[in-house]
Amino acid sequence: VKVNVVQADPYENGLRAILNFGHTIGHALETLSGYTIRHGEAVSVGMAVESKLAEQLGILSSMEAERIIDLINRWTLPVYHPLLEDGDRILSVIRYDKKHRQGKLRWALPYQIGKVDLVSGVDDRLIKQAISSHREAVHAG
C-alpha cells in the first residue's frame, strides 16, 4: 500500500501526506531520545497521541481513538514513552518538523480508522493537552 501511495505522489503534494499519521510526534520522540527509540515504536506512540489530538479537535470520536490505541496494543507496539512527560520539549522539536506548509504544521489526523484529514494551524496548547491526556490515560490504565 505504501509503495502505491508513494508512486502516486512522489513529491508529497497530497495523497502521500496520509502516510504521516503518527510521524509528527514520532519524529519528535526519536529526536529527543537521541535515536535510541526505534522508528516504528516512535510512530506507534505518535499514532496514539495524534489519535487523542484528533479526538480533542472533534475530528475523531473517543470510541475510535480508543479503538486505534487498542489495536496498537494488540500488535504489542508501545503507546507510551517516558519522553511524553515533557510536552514543552516535544513542542520545541515539532516546530522544526518538515511538514510545515506556509508556516503552519500539517498534521495527518484520523477521522476514522484508515482515513485521515490534513489539519493545519493546531494550537500548541491543544497539542500539549493531547499529550497530557494520553499520558494520564496510560498511567490510569
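**Helix packing and burial in a predicted model**

Residues are numbered from 1 along each chain as its sequence is written, and side-chain values use heavy atoms, with hydrogens and water left out.

The axes of helix 5 (residues 87-94) and helix 6 come within 10 Å and cross at roughly 130°. Such axes are lines fitted to C-alpha atoms, for helices over the stretch in contact, and the angles run from 0 to 180 degrees between N-to-C directions.

On the side of helix 2, T24, I25, A28, L29, T31 and L32 make the contact, and on the side of helix 5, R89, I90, V93 and I94.

In the protein as a whole there are 6 helices and 3 strands (DSSP runs numbered from the N terminus: H or I of at least four residues for helices, E of at least two for strands). From the N terminus on, the order of the elements is α-α-α-α-α-β-β-β-α. Of the 141 residues in the protein, 43% are buried (under 20% relative accessible area; exposed is over 50% and partly exposed in between, with a 1.4 Å probe and protein chains only). Contacts between residues at least 6 apart in sequence join residues at least 24 apart in 62% of cases.

Helix 2 is mostly covered, with 8 of its 10 residues buried. These buried residues are H23, T24, I25, G26, A28, L29, E30 and L32, and they pack against helix 3, helix 5, strand 2 and helix 6. H27 also lies in helix 2, which spans residues 23-32, but its relative accessibility of 24% means that H27 counts as partly exposed. H27 and I90 are separated by 63 residues in sequence, and their C-alpha atoms are 9.5 Å apart in space.

Helix 3 (residues 39-56) contains 18 residues and reaches 25 Å from its first C-alpha to its last, close to the 26 Å expected at 1.5 Å a residue. The expected span is 1.5 Å times one less than the number of residues. The buried residues of helix 3 are A42, V43, S44, V45, G46, A48, V49, E50, S51, K52, L53 and A54. Their cover includes helix 2, helix 4 (62-74), strand 2 and helix 6 (124-140). A further histidine, H134, is found in helix 6 and counts as buried, because its relative accessibility is 1%. With residues up to four places away in sequence not counted, H134 touches A48, V49, K52, I69, V79 and L84.

Strand 2 (residues 104-112) and strand 3 (residues 115-120) run antiparallel and are joined by 6 bridges; strands pair if DSSP finds at least two bridges between them. R106 stands opposite S120 in strand 3. The two strands form a hairpin with 2 residues between them, and G114 in the turn has a positive phi of about 90°.

Positive phi values also occur beside the helices. Just after helix 2, G34 takes a positive phi of about 70°, and helix 3 is followed by G58, with a positive phi near 80°. Most residues other than glycine have a negative phi. Y35, although not a glycine, has a positive phi of about 65°. Y35 is located in the loop between helix 2 and helix 3 and counts as exposed because its relative accessibility is 58%. T76 is likewise not a glycine and has a positive phi of about 55°. The loop between helix 4 and helix 5 holds T76, which is exposed, with a relative accessible area of 69%.

How values were computed. Contact = heavy atoms within 4.5 Å.
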